[in-house]
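Visitor: I am new to this structure. Please show me how to read it.

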Amino acid sequence: MKASVIFDMDGTLFQTNKILELSLDETFCHLRLLNLWDADTPIDTYRKIMGVPLPTVWETLLPEHSNEIRKQTDIYFLENLVANIKSGNGALYQNVHEIFRFLKENDCDIFIASNGLTEYLQTIVTYYKLDKWVTETFSIQQIHTLNKGDLVKSIIDKYDIKTGAVVGDRISDINAAKDNGLVSIGCNFDFANETELAHADYIINDLNELQILIDKIDLDSGRISKI
């Protein structure tokens, strides 16, 4: 039985912080020019909610603004994120290519499931040539519930996945794994929260540590043997 590994994108594979502050500041400068914002860019607030769907982001950052303004802000922000990725301002976390190569050599299917929008995700996958390893990338935009567990379930259903793991840095990734009977592997990276990571089956500090864990997946039970 083939195992599958489903990765989150932001804060797991992609160092979003390298373009986040830049893109967010560009967006709020734009709002200031439109006389729709008169304070500092709320980067600290965004860091606290990193990983939630973008509609929730703008409800949090722009609580007094209309849905139409939030929608236009979201479009402008996405355009800046994509432009910054294509300009080389972002970066993958260390060992992404190495762990992807290892997984494929060990007959594991690789998927990406993210709260990011489709265009943003595809830009990262294309720019960093991840598509030579990744079977398919799934965006929260593809489902109606905005629930990461439902997104992971859509991958499981489409590819008839029986065993594997979800790798991510936030509680939504951990819960998505547990809700679907998969192993949860928490990434103790930039945006991780100790309280959230405590719920994961395993915690890693570097993606290369997955080599040890994946080698111990019990394909019959879908769990990883205790190390």
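Guide: Start with burial. Buried means under 20% relative accessible area, exposed means over 50%, and partly exposed is in between (1.4 Å probe, protein chains only). Phe-111 is buried, at a relative accessible area of 0%. Tyr-159 is partly exposed, at 31%. This is a predicted model: local features need pLDDT of at least 70, side-chain atom pairs count only at pLDDT 80 or more, and totals for chains, interfaces and linings use all residues. Residues are numbered from 1 along each chain as its sequence is written, and side-chain values use heavy atoms, with hydrogens and water left out.

Visitor: How many aromatic pairs are there?

Guide: Rings of Phe, Tyr and Trp (its six-membered ring) pair if their centres lie within 6.5 Å; planes under 30 degrees apart count as stacked, over 60 as edge-to-face and the rest as tilted. The count here is 11 aromatic pairs. One of them is tilted: Phe-111 and Tyr-159, 4.8 Å centre to centre, with 55° between the planes. Phe-111 lies in strand 2 and Tyr-159 in helix 7 (residues 148–159), so this pair ties together parts 48 residues apart in sequence. Helices (H or I, at least four residues) and strands (E, at least two) are DSSP runs, numbered from the N terminus.

Visitor: Which residues of helix 6 are buried?

Guide: An α-helix has 3.6 residues a turn, so residues three or four places apart point the same way. In helix 6 (residues 118–127), the buried residues are Tyr-120, Leu-121, Thr-123, Ile-124 and Val-125. After helix 6 comes Lys-129, with a positive phi near 55°.
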